[in-house]
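Biologist: I would like to go through this chain feature by feature. Please give the general idea before each case.

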Amino acid sequence: MARFGIKQFFFALGFLFVLGASSGAQAQGQFGAFAVAPDGAWGSSRNFETVDIAQDRAVQECGKHSRNCQVLRVFQNACVTIARNEDSKNVIINWVAGFTKEERSQRALRNCRNDGGNDCRILTEFCTGNAK
């Protein structure tokens, strides 16, 4: 019968810890997507391994609120801010990627207003993959 001493116990415990840490430290997927419907409903996805999966998830999320959702944009390793004009008669959606969070928000709102929006608001902000 094999003897399992304190040294072997701590070795095994350390091995299991490293194994668990390495499996939990896997890289996030680098793709995200944003989908919209003609009525202004939207859905987003982030940190998926492939473009197709990111697009499918964004359309699925948008589809919870509306029909005819289509992917507007796919993002890869990017931080994104998306703004929308809240006037349902004049649906305007803008996005900005890169920059600092504050700069992205300012630019997204400014672009929305420049495109004719009179009630522009930030819809969502997210980062994909390794972007920060």
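Modeller: Helices (H or I, at least four residues) and strands (E, at least two) are DSSP runs, numbered from the N terminus. By that count, N77 sits in the loop between strand 3 and strand 4 (79–85). This is a predicted model, where local features need pLDDT of at least 70 and side-chain atom pairs count only at pLDDT 80 or more, while totals for chains, interfaces and linings use all residues. Residues are numbered from 1 along each chain as its sequence is written, and side-chain values use heavy atoms, with hydrogens and water left out.

Biologist: What is the phi of N77?

Modeller: N77 is not a glycine, yet its phi is positive, about 45°. For accessibility, buried means under 20% relative accessible area, exposed over 50%, and partly exposed in between (1.4 Å probe, protein chains only). At 34% relative accessibility, N77 is partly exposed. N68 also has a positive phi, of about 60°, without being a glycine. N68 lies in the loop between helix 2 and strand 3 (70–76) and is exposed, with a relative accessible area of 61%.

Biologist: Which residues of helix 2 are buried?

Modeller: An α-helix has 3.6 residues a turn, so residues three or four places apart point the same way. In helix 2 the buried residues are A54, A58 and C62. Down the helix axis they fall within an arc of 65° (taken from the directions from the axis to the C-beta atoms), so they line one face of helix 2. D52 and D56, on the other side of helix 2, are exposed.

Biologist: What do the buried residues of helix 2 pack against?

Modeller: Contact means heavy atoms within 4.5 Å. The buried residues of helix 2 pack against strand 1 (31–36) and strand 2 (42–48). Leaving out residues up to four places away in sequence, A58 touches A33, F34, A35, G43, S44 and S45.

Biologist: How many residues has the largest nonpolar core?

Modeller: A nonpolar core is a set of buried Ala, Val, Leu, Ile, Met, Phe, Trp, Tyr and Cys residues joined through side-chain atoms within 4.5 Å. The largest one has ten residues, including F31, F48, A58 and C69. Strand 1 and helix 2 are the elements that give two or more residues to this core. Another core, of nine residues, lies apart from it, with F34, V36, V80 and L123 among them.

Biologist: Which residues of helix 3 are buried?

Modeller: They are R104, S105, A108 and C112. Their arc is within 100°, so they line one face of helix 3. The face turned away from the buried side carries the exposed residues E102 and N114.
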